[in-house]
Amino acid sequence: MPILPTIKEEESQTWFQQVWHGRIQLLLTIPASLILFAGGLKLAWTVYEAPPNRFDYDYDSSLLIVALFVGGILGCIAASTFVGRVTKNIAHITSGSLLVFGGILFVILPNSFIGMAFSCVFEGMAMGLTQVQTFVVGPEMCSKEMRGFVMATERCSLWFGILMQLTFTYLWYALEPPSGYRSLQPDQIHGIVVACLGLATIVGAIKQRIESPLLLIQQQREHAASSVLKQLIGTQLTTTEVMRVREDCVQLMAIDADQSGWYVFRRFNAGPLFKLFILRGFVTLTMSQPFNRVYLSASWLGFNCDTNCLYTMAATGACGSLLGCLLIDRYGRRRMCVATMLPATIFMLITGGIMEYLVNTNAAIVQLDLEIIALLMLLFQFIICVGVSIAASVYLSEAFTVTQKAKCVAAVLIGEHTLQLALALVSALATINGTVFFFIMGFLCMLLGLCVFFLMPETKCLTLYECLQKFKRA
């Protein structure tokens with residue numbers, strides 16, 4: 001009697017093996033990462049530091065922040081109309097072209113406020129357009145084991161762009177050449193880098209011709225969809241495994257097929273839209289101008305900086321995002337988010353208590369007090385970037401149905417950019433009370449941690465269809 005063949009168990013892969021097998025998924029993020037890196041440069045230039053040049057008219061530099069995020073809102077609105085329906089290269093090439101135009105304006109009009117404002121609008125549009133494209137199409141081209149790692153590149157690209165710009169500014173003024181030996185202004189160098197990133201994005205987008213499997217299935221290109229799935233997940237897949245992954249895609253598309261838009265929105269998308277707006281809004285607070293101004297005031301004397309110490313905040317955010325990127329698929333979204341909220345709450349409440357003591361007792365503020373406050377803010381930023389920021393980005397890519405995903409993602413990002421606008425105006429028009437600010441951040445951390453624990457699902461290593469079912473039940 002013949003012996004029945006045994007089923008060979010799938011060997012568990014190390015993290016490096018997973019990255020190697022999914023290297024094409026990472027290569028496809030290069031155009032979006034370049035654009036978001038340029039967006040980080042612009043965020044640092046506007047939100048984190050004041051523009052170094054004097055303009056031809058007496059304009060408030062806060063208006064450049066308004067121009068940047070108005071551009072971001074316009075980019076999100078434009079992306080919501082076509083992302084997910086056409087080839088991804090349209091969004092990437094359009095964004096790259098906007099970066100080139102914005103960079104050229106910086107180079108030829110370094111002292112013109114109108115030129116700078118239009119440059120900020122163009123680069124904001126590129127950033128908003130690419131963010132929507134990344135969160136809509138990106139998860140469709142990722143395996144469930146690497147989705148968190150791939151989608152976390154959005155935060156990493158922004159933070160490393162911020163770090164590069166702030167470090168460049170610090171080195172420029174630390175090693176500033178005499179005025180007679182300058183050939184370029186720092187803003188012109190910024191424009192050259194942005195324009196080069198735009199050109200690199202266009203070239204990278206033209207060379208990459210792999211499309212989303214969902215788009216190919218919608219276009220009834222079955223053979224092309226199977227070929228793309230095999231390239232994305234691994235050429236060692238059998239035909240049966242490719243068909244199983246394809247059926248997962250079809251199942252995802254069937255959720256809102258033949259259903260009214262309002263019914264689908266109310267049943268699947270309304271709850272996640274509200275929850276993710278709150279989560280991403282909190283992350284926006286930690287990258288806003290009020291938060292940076294409070295840190296700047298504390299670190300200037302606390303760390304005894306010669307210019308400013310905002311580059312330390314950027315380095316903390318970049319390192320935290322990188323660590324969160326490496327851990328998000330191993331420990332899960334909700335677990336990391338909740339685990340980091342508790343120490344973040346403690347750090348903010350301690351900082352608020354120190355400020356309350358110094359104000360109410362009229363004690364002499366010494367350098368050590370400000371140094372402790374600055375260090376606690378750095379720890380807070382690091383922990384938020386490790387857990388909450390990365391988890392919010394991954395959740396945003398998993399939460400919505402196919403037909404309404406672009407519009408829902410755009411709505412969340414528009415709310416995020418609008419919040420940045422409001423916070424920039426508050427920072428420009430009012431004096432920020434540090435004590436109240438820290439206590440508000442601490443209580444928001446505590447409430448948000450409880451909300452994530454009770455209301456957000458765990459989506460680690462789940463297909464997009466399974467993620468939608470989890471969000472529906474949460």
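1. Which residue forms a salt bridge with Arg333? Looking at this predicted model, you will find that the partner is Glu398, and the closest N and O atoms of the two are 2.9 Å apart. Arg333 lies in helix α16, which covers residues 333–360, while Glu398 lies in helix α17, residues 367–398, so the pair ties together parts that are 65 residues apart in sequence.

2. Side chains of opposite charge can pair when their charged atoms come close. In the chain, the count comes to eight salt bridges.

3. Next, please turn to Glu154. This residue forms a salt bridge with Arg280, with 3.6 Å between the closest N and O atoms. Because Glu154 lies in helix α8 (residues 153–174) and Arg280 in helix α13 (residues 261–286), the pair ties together parts that are 126 residues apart in sequence. Are these two buried or exposed? Glu154 is buried, its relative accessible area being 0%, and Arg280 is buried at 2%.

4. Arg155 has a salt bridge as well: its side chain meets that of Glu416, at 3.8 Å from N to O. Arg155 lies in α8 and Glu416 in helix α18 (residues 405–429), so this pair ties together parts that are 261 residues apart in sequence. Both Arg155 and Glu416 are buried.

5. Stay with helix α8 for a moment, and look at how it packs. Two packed helices are described by the angle between their axes and the distance between the axes. For α8 and helix α9 (residues 186–207), the axes come within 11 Å and cross at roughly 150°. The crossing of α8 past α9 is right-handed. Which residues meet there? From α8 there are Gln165, Phe168 and Trp172, and from α9 there are Pro186, Ile189 and His190.

6. Now step back to the whole chain. Its secondary structure comes to 20 helices and zero strands. Of its 474 residues, 55% count as buried. Take the contacts between residues at least 6 apart in sequence: 84% of them join residues at least 24 apart. The accessible surface comes to about 21,300 Å², and carbon and sulfur atoms account for 66% of that area.

7. What sits on the surface around Leu447? Leu447 is part of a nonpolar surface patch, together with Phe443, Met446, Leu450, Phe453, Phe454 and Leu455. Together these residues have about 720 Å² of accessible area. Leu447 itself is placed in helix α19, residues 434–455. Its relative accessibility is 49%, so Leu447 counts as partly exposed; the label exposed would need over 50%.

8. You will find Thr134 in helix α6, which runs over residues 113–137. With a relative accessible area of 12%, Thr134 is buried. Leaving aside its neighbours within four places in sequence, Thr134 is in contact with Ala32, Leu36, Pro139 and Met151.

9. Two loop residues complete the tour. Leu109 lies in the loop between α5 (88–108) and α6, and counts as partly exposed at 34% relative accessibility. Beyond its neighbours within four places in sequence, Leu109 is in contact with Gly115 and Met116. How many residues separate Leu109 from Gly191 in sequence? The answer is 82, and in space the two are 10.0 Å apart, C-alpha to C-alpha.

10. Finally, look at Cys461, in the loop between α19 and α20 (464–473). Its phi is near 60°, a positive value in a residue other than glycine. At 31% relative accessibility, Cys461 counts as partly exposed.

Technical notes
Residues numbered from 1 in each chain as written. Predicted model: local features only at pLDDT ≥ 70, side-chain atom pairs only at ≥ 80, totals over all residues. Heavy atoms only, no water. Patch = residues over 30% accessible without salt bridge, like charges linked within 9 Å, V, L, I, M, F, W, Y side chains within 5 Å. Areas by Shrake-Rupley, 256 points an atom, 1.4 Å probe, with all protein chains shown as cover. Salt bridge = Lys/Arg side-chain N within 4 Å of Asp/Glu carboxyl O. Helix = DSSP H or I, 4+ residues; strand = E, 2+ residues; numbered from the N terminus. Buried < 20%, exposed > 50% of the residue type's maximum accessible area, 1.4 Å probe, protein only. Axes fitted to C-alpha atoms, helices over the stretch in contact; angles between N-to-C directions. Left-handed = near helix turned anticlockwise from the far one by under 90°. Contact = heavy atoms within 4.5 Å.
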